[in-house]
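Here is a friendly briefing to keep beside you while you look at the model. Take a moment with the sequence and the structure, then read on by topic.

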Amino acid sequence: MSVLVFLIVVLFAFYLFYKTKYFRSSRPVEKKWLAAKSNIALGLFVGLFGLNHVFFISQTTVTTIVSIIFIVYGAVFTWVGIKKYKHYLPFAAEEARSYNAQ
């Protein structure tokens, strides 16, 4: 249980870190790339939060249903974030090279 709680806290910190970098960035493609990274962190955070509730919190029907919804939502959010990350990575690298060349 303590490992899941630790991972949940770390992933939430990563989410806040990437969202802060997103708002501070002025490059358009880098913003989309950072948004994808924050989506991955948020999806993993929500999914692990649901897993923690399924295994370690009181087992009522409502808790189980809500936890399963969290797990599915987190998995979808993570999957979409990974797809966006892979899509924007080469464009963000090219944008960074062009900004550094100037």
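**An exposed arginine and its partner**

Arg 97 counts as exposed, at 51% relative accessibility (exposed means over 50% relative accessible area, buried under 20% and partly exposed in between, with a 1.4 Å probe and protein chains only). This is a predicted model, in which local features need pLDDT of at least 70 and side-chain atom pairs count only at pLDDT 80 or more, while totals for chains, interfaces and linings use all residues. Residues are numbered from 1 along each chain as its sequence is written, and side-chain values use heavy atoms, with hydrogens and water left out.

**Salt bridge**

- Arg 97 forms a salt bridge with Glu 94, and their closest N and O atoms are 3.1 Å apart (the rule asks for a side-chain nitrogen of Lys or Arg within 4 Å of a carboxyl oxygen of Asp or Glu).
- Glu 94 is partly exposed, with a relative accessible area of 44%.
- Arg 97 and Glu 94 are 3 residues apart in helix α3 (residues 61–101), so about one helical turn separates them.
- A search of the whole structure finds 1 salt bridge.

**Overall fold**

- The protein chain has 3 helices and 0 strands (helices are DSSP runs of H or I with at least four residues, strands are runs of E with at least two, and both are numbered from the N terminus).
- The C-alpha atoms fill a box of roughly 60 × 20 × 20 Å along the principal axes.
- The radius of gyration of the protein chain is 17 Å, whereas a compact globule of 102 residues would have one near 13 Å (the radius is taken over C-alpha atoms, and the globule rule is 2.2 Å times the number of residues to the power 0.38).
- Of the 102 residues, 30% count as buried.
- Among contacts between residues at least 6 apart in sequence, 71% join residues at least 24 apart (contact means heavy atoms within 4.5 Å).

**Nonpolar core**

- The largest nonpolar core has 9 residues in all, among them Leu 4, Ile 8, Phe 45 and Leu 48 (such a core is a set of buried Ala, Val, Leu, Ile, Met, Phe, Trp, Tyr and Cys residues joined through side-chain atoms within 4.5 Å).
- The elements giving two or more residues to this core are α1 and α2, and α2 gives the most, with 5 residues.
- Leu 48 touches Leu 4, Leu 7, Ile 8 and Leu 11, leaving aside residues up to four places away in sequence.
- In soluble globular proteins, nonpolar side chains tend to be buried together.

**Aromatic rings**

- The count comes to 9 aromatic pairs (rings of Phe, Tyr and Trp, the last by its six-membered ring, pair if their centres lie within 6.5 Å; planes under 30 degrees apart are stacked, over 60 edge-to-face and the rest tilted).
- One of these pairs is Phe 12 with Phe 45, which is tilted, at 5.3 Å centre to centre and 40° between the planes.
- Phe 12 lies in helix α1 (residues 2–24) and Phe 45 in helix α2 (residues 28–56), so this pair ties together parts 33 residues apart in sequence.
- Phe 12 is partly exposed at 37% relative accessibility, whereas Phe 45 is buried at 18%.
- Ring pairs link Phe 12, Tyr 15, Phe 45, Phe 49 and Phe 70 into a cluster.

**A buried asparagine**

- Asn 39 lies in helix α2 and is buried, with a relative accessible area of 15%.
- Asn 39 touches Phe 77, Gly 81 and Lys 84, not counting residues up to four places away in sequence.
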